[in-house]
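Hi,

Here is the structure I promised to pass on. Have a look, and then read on for what turned up around the aromatic rings.

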Amino acid sequence: MALREADGSPGPPWERPLRGTLDRLMVESERLAGNPLGDPARRPLWVYRAPGVADDPVPAVYVIQGFFGQLDMWANRVPFEPSMLERLDAMFADGDCPPALVVFVDAWTSYGGSQFINSTSTGPYMDYLCDEVVPFVDERYPALAGREHRGLTGKSSGGYGAMVVPMLRPDVFGALASHAGDALFECCYLPSFPQVARKLRDDFEGSWDVVWERIRAADHFDFDRFENADMYGYAAAYSPDPQQPGKALMPFELTTGRLIDDVWAQWLDWDPVRMAPRHADALRSMRRIHVESGKRDEWYLDLGAQAFAAELDKLGVEHTLELFDGKHGGLTYRYPGAIRELVRALR
């Protein structure tokens with residue numbers, strides 16, 4: 001969906017006024033106060049009200065970001081494409097989707113993300129989302145009451161959260177859409193462990209502390225140089241160090257890359273593919289489940305999507321799986337369609 005003039009010619013590349021309304025708010029979180037990383041408890045929250053949202057209650061879809069994501073990135077644009085907000089606004093304004101609220105949630109941490117779960121090393125980010133953000137929105141906006149009118153969606157780590165949070169908190173969310181969400185951990189994470197061990201040895205004195213010292217001292221974040229920093233963030237979510245709040249236990253030896261079986265087992269317990277059978281009733285209660293990925297995803301998250309869908313099949317859970325030609329990046333154009341499907345199911 002490119003921005004176009006009425007005659008079909010390409011539109012200008014700069015921002016246009018939205019036909020819906022975007023409110024930029026702040027949430028004072030009690031749950032995040034005093035978190036182990038000392039990250040802010042005051043968090044930004046964006047609430048988009050589609051054209052037609054007035055006093056009558058409407059569904060709400062909550063949108064969560066990938067690792068290293070921060071809230072204001074939703075306003076970013078790439079060449080020849082509208083931003084996420086412009087795409088979303090056009091979908092609603094064109095009458096292609098019933099009116100709804102779309103809530104953009106921040107769960108950034110000093111490690112780059114939280115995986116949207118509770119951790120003694122990062123903070124209670126699932127509780128923040130479910131027990132603070134959702135009531136905050138419900139109190140201020142015409143959102144239909146009840147989990148059957150509330151959905152969650154995201155991409156990459158956000159896609160992971162979109163799978164996991166509704167399994168753990170089906171009292172809050174009644175539908176989900178996952179774009180290239182982290183799943184089937186032996187495919188998406190395990191192959192990187194030797195690469196990370198080698199990178200730490202050659203460039204960072206074999207120390208995660210050195211990695212984070214250099215990230216914080218750098219004048220810009222060089223993805224090539226710090227490409228594996230996210231692995232520590234995942235560990236902080238899945239295997240926090242019980243002896244050192246704010247620190248993580250790695251699932252492999254830093255010197256060799258060899259698996260540490262008991263820590264790796266903690267990671268596998270958080271794999272959506274393995275979680276699904278334990279949360280079958282929650283998944284069966286969802287009004288809509290949509291899972292998708294590009295078939296050339298660099299982290300094999302297409303295989304993860306297939307594996308998660310296969311578990312849903314075994315459990316008799318209704319869902320849709322869509323694999324398309326694409327990689328891990330450049331998927332913003334996919335998001336509004338999934339939000340539309342959730343809204344239709346949540347009315």
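Which residue lies over the face of Phe324? Arg334 does, at 3.9 Å from the ring centre. Arg140 sits likewise over the face of Phe136, at 3.7 Å from the ring centre. (For a charge over a ring, NZ of Lys or CZ of Arg has to be within 6 Å of the ring centre and within 35 degrees of the ring normal.)

Some background: this is a predicted model, where local features need pLDDT of at least 70 and side-chain atom pairs count only at pLDDT 80 or more, while totals for chains, interfaces and linings use all residues. Residues are numbered from 1 along each chain as its sequence is written, and side-chain values use heavy atoms, leaving out hydrogens and water.

Now the ring pairs: there are 26 aromatic pairs in the structure. Rings of Phe, Tyr and Trp (its six-membered ring) pair if their centres lie within 6.5 Å; planes under 30 degrees apart are stacked, over 60 edge-to-face, the rest tilted.

One of them is Trp74 with Phe104, a tilted pair at 5.3 Å centre to centre and 55° between the planes. Trp74 is in the loop between strand E3 (60–64) and helix H1 (84–93) and Phe104 is in strand E4 (residues 101–105), so the pair ties together parts 30 residues apart in sequence. (Helices are DSSP runs of H or I, at least four residues, and strands runs of E, at least two, numbered from the N terminus.) Both Trp74 and Phe104 are buried, meaning under 20% relative accessible area (1.4 Å probe, protein chains only).

Phe193 and Trp264 have ring centres 5.5 Å apart and planes at 85°, so that pair is edge-to-face. Phe193 is buried at 0% relative accessibility, and Trp264 is buried at 9%.

Cheers

Note on methods. Buried < 20%, exposed > 50% of the residue type's maximum accessible area, 1.4 Å probe, protein only.
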